[in-house]
Amino acid sequence: MRELTVSRRKFLAASAIGLGAAALSNFNLREASADGPTAPPPKPLGFAFVGIGGFAMGQLLPGITRAKYCKPVALVSGHPDKARAQARRYNIDPKNIYNYDNYDSIKDNPDIDVVYIVLPNSMHAEYTLRAFQAGKHVICEKPMAVSVKEAQQMVDAAKTAGKRLQIGYRMHFDSPTQACINAIRNGDIGPLQIIEAETGFRIGDPSQWRLNRKLSGGGCLMDIGIYSLSAARYLSGEEPTEVFAHTYGDASDPRFKEVEQNCDFQLKFPSGVLASCLSSYNANLNRYVAHGRNGRCILEPGQAYNGVKFQISKGRSLQAVDVPPLDQFSGEMDGFVQALAGNSPFKATGEEGLQDMRIIEAIYESARTGASVKV
Ligand code: NDP
């Protein structure tokens, strides 16, 4: 099998996700030059993590130690013992441990520049708004909120505060994903026709917040199907105009009493490209395929913390494309700091997350009514 290689600098410069996000943003963005940053590297900014759960402890805190321009300086948690243990591990001053009641006093702490919200979905909007009121920038995990109304409030609050909002779309910082987008935009597989995007996993404990509608806002679509949606948007480079969807939940299964177990949805894009998307809380799915007139691109796994594999076929056999890996977690945090410093475009903006929420609401409406819904 012949292996293609892509130079890291060229491919970062041509990052199609970055350009897509910039196109969606209402802000005037300074584009990075093809030769790299336009200003000196920024001084490291202090990050506060809100909600010290599986993702914060397993990925984000280890990830920030690999970052160049960020450092962990504060924790917000309902469990002081756990917070103290994590503070020791990451050399965080114990005076910078907060709880959900005294959270607003972060406004008096100049060590904190950026607040990273890693709470259950229905808490994202409240804690983002409170961070902006405290005068901090925010990265908020996906899905950014549980409704369009909340997502819009978050975007508006950032503008009112004069601060920036990024959503935790780590795949926007994944190098094989970016290489795949570049190949599609370069016309390597001919005009794009159809996208397949499948994401899912078998969820366990029925008592967890992901299966509690009040805390999650929805089931597999909100949690993992959002990756299929996001992929359909960044692979096509277009915004869907119409959606059609089904959801299903086995009411006799204690896990699916409140939220959907499976959701399939179709998206229609202005160029005529169609996307067929699956998401599940009861099956392992992880593959994106973009079919062009003259070939196809495959990302499999389509989303993963690392190890996304990109293959391309230009009409003949599939070839693996060797792309230098970039760390998604330090990448998203350093990327935010670089963008704040004016050295690179903002990616994964609040507006990007708001657009996903609009489409998610349309998907749920279609599943409820049995009719296609215009976005
Ligand atoms: P966890 O359940 O592992 O952690 C959530 C944390 O939120 C808890 O540990 C707790 O922290 C805090 N919390 C506050 N109130 C509640 C409550 N009522 N119920 C449960 N937890 C509460 O979830 P995850 O870390 O897996 O997910 C957190 C967020 O991150 C979600 O929005 C999820 O979608 C997103 N995520 C994103 C991923 C990505 O790849 N981008 C991957 C995984 C998750 P404490 O004890 O410190 O108070």
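## Ligand shell and pocket in a predicted model

By class, the shell around the ligand comprises eleven nonpolar, nine polar and six charged residues; Ala, Val, Leu, Ile, Met, Phe, Trp, Tyr, Cys and Pro count as nonpolar, Asp, Glu, Lys and Arg as charged, and the others, Gly among them, as polar. The model is predicted: local features need pLDDT of at least 70, side-chain atom pairs count only at pLDDT 80 or more, and totals for chains, interfaces and linings use all residues. Residues are numbered from 1 along each chain as its sequence is written, and side-chain values use heavy atoms, with hydrogens and water left out.

The ligand is surrounded by 26 residues, and the closest are Gly-54, Ser-77, His-79, Tyr-100 and Arg-170; a residue is near a molecule if one of its heavy atoms lies within 4 Å of it. The table gives polar contacts, that is, pairs of N or O atoms within 3.5 Å.

| Side chain | Ligand atom | Distance |
|---|---|---|
| His-124 | oxygen | 3.0 Å |
| Arg-210 | oxygen | 2.9 Å |
| Tyr-227 | oxygen | 3.0 Å |

Taken alone, the ligand exposes 890 Å², of which the protein buries 81%; the areas come from the Shrake-Rupley method with a 1.4 Å probe. Helix H3 (54–64) and helix H9 (220–236) are the elements that give two or more residues to the shell around the ligand. Helices (H or I, at least four residues) and strands (E, at least two) are DSSP runs, numbered from the N terminus.

The ligand sits in the second largest pocket, where sitting requires that more than half of its atoms lie within 2 Å of the pocket's grid points. A pocket is an open set of points, on a 1 Å grid over the protein atoms alone, where a 1.4 Å probe fits, with protein on both sides within 12 Å along at least five of seven lines; lining residues have an atom within 4 Å of a point. This second largest pocket has a volume of about 740 Å³, the space filled by probe spheres set on the points, which are joined across faces, edges and corners.

Its lining numbers 35 residues, with Gly-54, Phe-55, Val-118, Trp-209 and Arg-210 nearest the centre. By class, 15 of the lining residues are nonpolar, 14 polar and six charged. At least two lining residues come from each of H3, strand E8 (192–202), H9 and strand E12 (282–292).

Lys-142 and Pro-143 are joined by a cis peptide bond with omega about -15°, and Pro-143 is placed in the loop between strand E6 (137–140) and helix H6 (148–161).

Technical notes: A polar contact is a pair of N or O atoms within 3.5 Å; within protein, one must be able to donate a hydrogen and the other to accept it, and residues adjacent in sequence count only if both atoms are side-chain atoms.
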